Amino acid sequence: MNSWARAALGIIAAGAGTVAYASGVERRHWTLREETLPVLPPGTRPVKVLHLSDLHMTPGQRSKQRWVARLAELEPDLVVDTGDNLAHTRAVPAVLAALEPLLSLPGLFVWGSNDYYGPTFKNPARYLIPALQKRVHGGRLPWRDLRAALIERGWQDATHTRLTLDVGGVTIAVAGVDDPHIKQDRYDLVAGAADPDATLRLGLTHSPEPRVLDAFAADGYDLVLAGHTHGGQLRLPVYGAIVTNCGIDRSRARGASRWGTRMRLHVSAGLGTSPYAPARFCCPPEASLLTLVARPEADDAAATTPAKAAADVG
């Protein structure tokens, strides 16, 4: 009995330690992911894109605000925010405090469900058992106030819009959709071949749902940026993400992969969590600095890569 009792106590202690680490340490371990993506025409200068997603900000998260604000020191050419900024009705000033040093740079954004609706408690089993996945929305959040402030500072809302912007002499054609996870996407509003004269064709979505990614790929986009997955939020060593909370496979839960023969996808693991699930394990909160570089000329000549990611893209 003593050996069984010691084993049980050891398991309990290990579990408690893991929970304490995941909720008390790793979820505040702010991390910068750096990726180099060959998506530009040969001969084009590199472009640095700062990809932010899933801040899930509450008013008291000062450490997160300070860390995000310091990202301006990276001097990106473009900032892209793929949604889920809010987790509290009074979080707009906190989000703006975090983004303030970045708002003088060119910026784009689309919305996620947690910009529109506040967080609610969810049974963790719902992520593993489809039959339990009944959607429950929290109270309304002040996303319009955030939108007005971002637009006033010069960032552009790409939701259901096609835009063209010049970033240091590089012409970027942009199209974005509203959050597919809550079926707010209307790709038909931005459908059609991407501008063939643009240097980069960039698609934006909060949730990387395959139907939206397929549409962007069919229209000739070079790169799509998304968030939503939190990288799985709880990952297992070797195995990776347990779930993605959307239609993509686990291997694409965070980082870069190919989608189809030509298009690249980057999914941010994001910087926050729901206040009702404040834990991360083997998946620290992150922002991403993407250095976009020229494709090898062979890539333009041969488009033979299947729509499949590596076993674990990061």
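Residues are classed as buried when their relative accessible area is under 20%, as exposed when it is over 50% and as partly exposed in between, with a 1.4 Å probe and protein chains only. The structure is a predicted model, in which local features need pLDDT of at least 70 and side-chain atom pairs count only at pLDDT 80 or more, while totals for chains, interfaces and linings use all residues. Residues are numbered from 1 along each chain as its sequence is written, and side-chain values use heavy atoms, with hydrogens and water left out.

Side chains of opposite charge can pair when their charged atoms come close. With a salt bridge taken as a side-chain nitrogen of Lys or Arg within 4 Å of a carboxyl oxygen of Asp or Glu, the count comes to 12 salt bridges. One of them joins Glu286 to Arg33, with the closest N and O atoms 3.1 Å apart. This pair links distant parts of the chain, 253 residues apart, since Glu286 belongs to strand E14 (residues 286–294) and Arg33 to strand E1 (residues 31–40); helices (H or I, at least four residues) and strands (E, at least two) are DSSP runs numbered from the N terminus. Glu286 is buried at a relative accessible area of 3%, and Arg33, at 15%, also counts as buried.

In the salt bridge between Arg252 and Asp249, the closest N and O atoms are 2.9 Å apart; Arg252 is buried, with a relative accessible area of 3%, whereas Asp249 is partly exposed at 32%. Asp188 pairs with Arg186 at a closest N to O separation of 2.7 Å, and Arg186 is partly exposed, with a relative accessible area of 41%. A network of salt bridges links Arg201, Asp222, Arg262 and Arg295.

His56 lies in the loop between strand E2 (47–52) and helix H2 (62–70) and is buried, with a relative accessible area of 4%. Its side chain is joined to that of His230 by a polar contact of 3.0 Å, where a polar contact is a pair of N or O atoms within 3.5 Å, of which, within protein, one must be able to donate a hydrogen and the other to accept it, and residues adjacent in sequence count only if both atoms are side-chain atoms. Leaving aside residues up to four places away in sequence, the residues that His56 touches (heavy atoms within 4.5 Å) include Gln61, Lys64, Asp84, Asn114 and Thr273.
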